[in-house]
Amino acid sequence: MSSALQNNLAHETSPYLIQHAGNPVHWQPWGEDALALAKAENKPILLSIGYAACHWCHVMAHESFENPTIAGLMNELFINIKVDREERPDIDQIYMHALHALGEQGGWPLTMFLTPGGEPFWGGTYYPPEARYGRPGFPDVLHAISKVYHTDFERVGRNREALLDALSRIPPRGDTAFGEAELKQSWKALAGIADPMDGGTRGAPKFPNASYLEALWRAGEEGEGRRLFLLSLERICQGGIRDHVGGGFARYSVDSRWLVPHFEKMLYDNAQLLDLLGLAWQQTGRALYKHAAIEMVEWLRREMMAGDGNAFAASLDADSEGHEGLYYVWTPGQLRAALGEDDAEFVAHELDIDEHGNWEGRSIPNRLGKEDLTDALEVGWLELRPRLLAARAGRIPPARDDKVLADWNGLMIAALARASIAFEQPDWLELGRKAFHFVAESMADGTRLGHSWRAERLLVPGLASDLAYMIRAAIALCEAGAGGLYLEKARQWAEIIEADYRDGEGGGYFLSARDAPALITRPRSTLDDAVPNPNGVMADNLFRLAAMTGETHWLQRGDDLMKALSPSMNVNVFGHASLLNALDLRLHGLEIVVVGQDAEAQALLEAAGRQPYTHRTLLQVRSVADLPRAHPVRLVTAMSESAAFVCSEGRCSLPVTDAGRLGETMRDMLA
């Protein structure tokens, strides 16, 4: 056992863990060996959870984990375990829940203290090396926790039991689903917490919470929700949270105006924002949204391709050269060196770059408070931006976490498929298809999926989020006309998630598979986080599967899911926005079926694609005979010529052969 008393992270695949492989801390990866070591040494466990792009994780690493004195204290008093929360969101979910049960606000780095059995009894987030920011110094915390563990058994036991009770508590299961009245009341509540001046939710920091913003969109074309949605997207696209030079969006804004980002770029944020940009573009035709989307996909191709160039990497770091955001900020002198005097003056004016700077003496490019670039200026900017990008490429770039996560890739694949229709960019569909096949084939774990792939190594078993998000991707590819094989794959994965992840008691889905290595509890949560909860995504998937296949058992399962989780939705509307969005699809969604593949069918398909994905499911087949056997269009007609049908609740319209009448038919079906 003593051979394990060294840093054992060098052979891990996670870039985050590898970042800590040179620490003097005797870090262990999570596993039975580390827990057994804690029992043999009779030491508590110090569990540190973070991720590669996390700024404060880097700060704590530099201040404490690279400090020989503090590392020596950690090694003396604890068995130290390091976890990548992106590789192991199941572990992170359990111990973040425990921290919340202690009354602490969550965040990363997460620092938890456990018994040798993995049971939490105390915790926090970032600790400085000495007392400051109103927080105790990390060495003082280490001494205090070790002393309590070895001398105050009663206190440790009380905390342990209370936290285990909180972790094992099952929310009440409902038997009545939300209806139209409850949905409208929820929309009103969500609009009420929005910032009427700058969009998003009130105050700072501001996160581009996509499920919440989509809920505002769904609240109605004429209502306050739609205005707040467009205001939020406008500010996000104008603000410093958007990389105006390189494309894509940062994680969140630390201020209330969307000016100063927390500079890491996450795949999942950009995927969800791409979906929202498509909605905003389809309604307004405003170039601001189209350019933001195009630049994001350029960024994906340029900086985020992983898996041998076939899939998408997880994130880019916030820091470069030891400083947060240094890669992204500018001075007027840097502009002049890149562009020359006249062009630099134009860009400085348009992107708020001056000698004083808008952040720590430098300037974050933004267009807050400015009108959209005019067509004439746009032509000039399209020529200047590549020159700025080339100049920036000479800087030391932020580190990239190049692991491929099945769930995050699923979000981006679905977004690319939908955006390929919204923005009429067919090559985006091919980009998504290529990533889909990498995940479905290179990350296959038998009939299931693994979760994380890097350096030819696959982390298994996968999570409910992997299956739910990849089902979403398969459905979106099918809707975009990529072919029926994706619908069949969605059905297969849906059967698997029902068999291996369903929570028979609570009614939703566990995050981990039934045969996953045991943790102190099997994690379950229905709350949205930075990504939509798998329960919300699966509800949407189930309703779409029912519409596209005509198989009513998917509809019944979706309704059962909404009923079971309704008490939790009632308690926390904001945290269940993805479920509310699925409910809106259930109550107001229509299916458009396009039959045929000639020019008339293509015109109908394009007209159908112009309808927002939020309120339609889209299926194209060669002929009525190619529809699933249970599909209601088969009951309407056996015609073979090209036509579209609009269906709802098992009834379908008469055939529509004029693309211009499709919208009218949809309105008639909803009347």
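The questions and answers below look at a sheet, a pair of helices and the cysteines of a predicted model.

Visitor: In what order do the five strands of the open sheet stand?
Guide: The five strands form an open sheet whose pairing is mixed, and the twist from one strand to the next averages 30 degrees. Read across the sheet, the strands stand in the order β1-β3-β2-β4-β5.

Visitor: Which strands of this sheet have a single partner strand each?
Guide: A strand at the edge of the sheet has one partner, so one of its sides is left without a neighbour in the sheet. The strands at the edges are β1 (27-29) and β5 (120-124).

Visitor: Which residue in β5 is the bridge partner of Phe-113?
Guide: Strand β4, which covers residues 110-114, pairs with β5 in the antiparallel sense over four bridges, and Leu-114 stands opposite Pro-120 in β5. For Phe-113, the bridge partner in β5 is Trp-122.

Visitor: At roughly what angle do the axes of α9 and α22 cross?
Guide: Two packed helices are described by the angle between their axes and the distance between the axes. Helix α9 (residues 210-218) passes helix α22 (residues 577-588) in a left-handed crossing, and among the residues that meet are Tyr-212 and Arg-218 in α9 and Asn-581 and Leu-585 in α22. The two axes come within 8 Å and cross at roughly 35 degrees.

Visitor: Is Cys-652, which has a relative accessible area of 17%, buried or exposed?
Guide: Cys-652 forms a disulfide with Cys-647, their sulfur atoms 2.2 Å apart, and this link is right-handed, with 105 degrees about the S-S bond. Because a residue under 20% relative accessible area counts as buried, the 17% of Cys-652 makes this residue buried.

Notes
Residues are numbered from 1 along each chain as its sequence is written. This is a predicted model: local features need pLDDT of at least 70, side-chain atom pairs count only at pLDDT 80 or more; totals for chains, interfaces and linings use all residues. Side-chain values use heavy atoms; hydrogens and water are left out. Axes are lines fitted to C-alpha atoms, for helices over the stretch in contact, and angles run from 0 to 180 degrees between N-to-C directions. Helices (H or I, at least four residues) and strands (E, at least two) are DSSP runs, numbered from the N terminus. A crossing is left-handed if the near helix is turned anticlockwise from the far one by less than a right angle, and right-handed if clockwise. Contact means heavy atoms within 4.5 Å. Two strands pair if DSSP finds at least two bridges between them. A disulfide is a pair of cysteine sulfur atoms within 2.5 Å. Buried means under 20% relative accessible area, exposed over 50%, partly exposed in between (1.4 Å probe, protein chains only).
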